[in-house]
Amino acid sequence: MDEGVFGRAAQERAIAEIEAEVARLCELLAEGRAMGLDDGREMVGGAMSEFLLEFFDLVRAKGSGPGMRGMITLPLLVHGAETGEPAPAAPIAVVHLLWWASARHLDDLTDAPGAPGASGAAAGAKVLTALAVGSHLPARLLAGLPVPAATRAALGEELSRGWLDAVDGQLRDLTGRAAAATPDSVLHGYAGKTGAPYAMAAAAAACLAGADRGRTARWRAFGRSLGVLRQLVNDQRDLASGRHEDLANGTATFLLVHLLSALPAGRRREALALHAAARHSAAARAELAARMLDEDVLDSYAAAVAPLVERAHGLLDQLGGSSGARRSIGGEPGCVRELHGLVDETVGHLPGFRLAVA
């Protein structure tokens with residue numbers, strides 16, 4: 001949708017405005033402001049400002065702009081779908097970015113606890129800063145919104161729920177073992193570790209738009225589904241790029257467990273032995289990655305992922321086709337179409353993914 005209330009050109013303008021808003025936030029934080037508190041907090045404000053600037057530099061260096069654009073546009077499109085006006089959800093987009101800035105740093109630490117710089121005073125200070133950026137700063141920003149008390153409480157509930165669900169999923173990811181994992185158990189973890197923040201962003205935007213509890217729950221479910229798809233993209237991109245970080249970390253990804261679940265006992269034992277060796281052997285990582293990216297495996301993987309894609313689209317169909325509740329408050333169907341496009345764009349980033357085969 002290139003025209004309309006929130007077509008691609010409008011989205012690009014909105015993204016630029018959000019990025020400018022975050023830049024202003026960094027300036028205010030550096031002065032010890034923007035926290036809704038009195039003066040005298042230049043230390044934590046300056047640390048948060050520096051942390052965020054480093055995060056956005058990293059995003060640009062890694063070419064992660066498309067992913068960040070999705071983080072920004074999700075809450076804007078949800079609010080537009082409910083009210084016809086995307087712009088009021090800008091604070092939720094900022095909160096979503098803050099969450100991911102924090103989570104990316106914490107995730108890097110848990111993935112590589114022995115990496116250089118992972119211990120010591122400077123590392124500890126950065127962990128404290130990450131916690132402030134992802135939890136306390138968003139809470140302060142939401143508390144300062146000029147909205148009714150009930151809406152403010154609902155927004156705080158979504159932020160808290162998102163954090164707890166994400167930590168639950170990350171803990172499952174860290175403690176899960178490939179030999180015991182099932183495709184369902186892996187997806188359950190993904191629904192937390194990556195699905196939860198997207199669920200938070202979508203549901204918070206719906207709350208801000210005045211959606212009722214039922215619609216807010218459906219938006220939360222959609223956000224969670226989108227987040228799971230984004231995690232699948234991250235997994236497969238890691239393999240296709242040759243980085244093989246998940247294999248080096250011993251992570252039981254969905255693609256790995258999908259492969260294991262389809263193998264006969266003898267070949268499964270071989271694959272598990274390769275997975276154990278992959279933590280310390282580049283050759284083992286390369287061999288296991290080749291097995292995971294085999295065309296037949298990817299075809300069956302596409303068939304396993306297709307219902308997840310269909311679920312995301314189905315939730316949008318329910319929300320976009322819902323009745324008078326949406327139309328009576330001026331919802332914009334074009335925003336729902338853009339969200340369908342966001343799902344397809346996400347799946348399109350899966351290297352080697354052939355939906356037509358599924």
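**Figure 1. Overall fold of the predicted model.** Helices, as counted here, are DSSP runs of at least four residues, and strands are runs of at least two. On that basis the protein chain of this predicted model contains 16 helices and zero strands. Its radius of gyration is 21 Å, close to the 21 Å that the globule rule gives for 358 residues, so the chain is as compact as a globular protein of that length. The C-alpha trace extends over about 60 × 55 × 30 Å along its principal axes. Contacts between residues at least 6 apart in sequence are counted for the chain, and 77% of them link residues at least 24 apart.

**Figure 2. Surface and charge of the protein chain.** Of the 358 residues, 48% count as buried. The chain carries 35 positive and 42 negative charges, whose mean positions lie 4 Å apart.

Figure 3. A disulfide is a covalent bond between the sulfur atoms of two cysteines. The count for this model comes to zero disulfides. For cysteine 207, the nearest cysteine sulfur is that of cysteine 335, at 18 Å; for cysteine 335, the nearest is that of cysteine 207, likewise at 18 Å. A disulfide requires the two sulfur atoms to be within 2.5 Å, and neither cysteine 207 nor cysteine 335 takes part in one. Cysteine 207 counts as buried because its relative accessibility is 13%, under the 20% limit. Cysteine 335 is also buried, with a relative accessible area of 0%.

**Figure 4. Helix H11 and the helices packed against it.** Helix H11 comprises residues 254-262 and is mostly covered, with seven of its nine residues buried. These buried residues are Phe254, Leu255, Leu256, Val257, His258, Leu259 and Leu260. They pack against helix H7 (183-193), helix H9 (213-241), helix H12 (265-277), helix H13 (282-292) and helix H14 (295-320).

**Figure 5. Leucine 272 in helix H12.** Leucine 272 is located in helix H12. Its relative accessibility is 21%, so leucine 272 counts as partly exposed; the limit for a buried residue is under 20%. Apart from its neighbours within four places in sequence, leucine 272 is in contact with Ala178, Ala179 and Leu260. Glycine 36 lies 236 residues from leucine 272 in sequence and 52 Å from it in space, C-alpha to C-alpha.

Terms used. Residues numbered from 1 in each chain as written. Predicted model: local features only at pLDDT ≥ 70, side-chain atom pairs only at ≥ 80, totals over all residues. Heavy atoms only, no water. Rg over C-alpha atoms; globule rule 2.2 N^0.38 Å. Buried < 20%, exposed > 50% of the residue type's maximum accessible area, 1.4 Å probe, protein only. Contact = heavy atoms within 4.5 Å. Lys, Arg positive; Asp, Glu negative; His and termini not counted. Charge placed at Lys NZ, Arg CZ, Asp CG, Glu CD.
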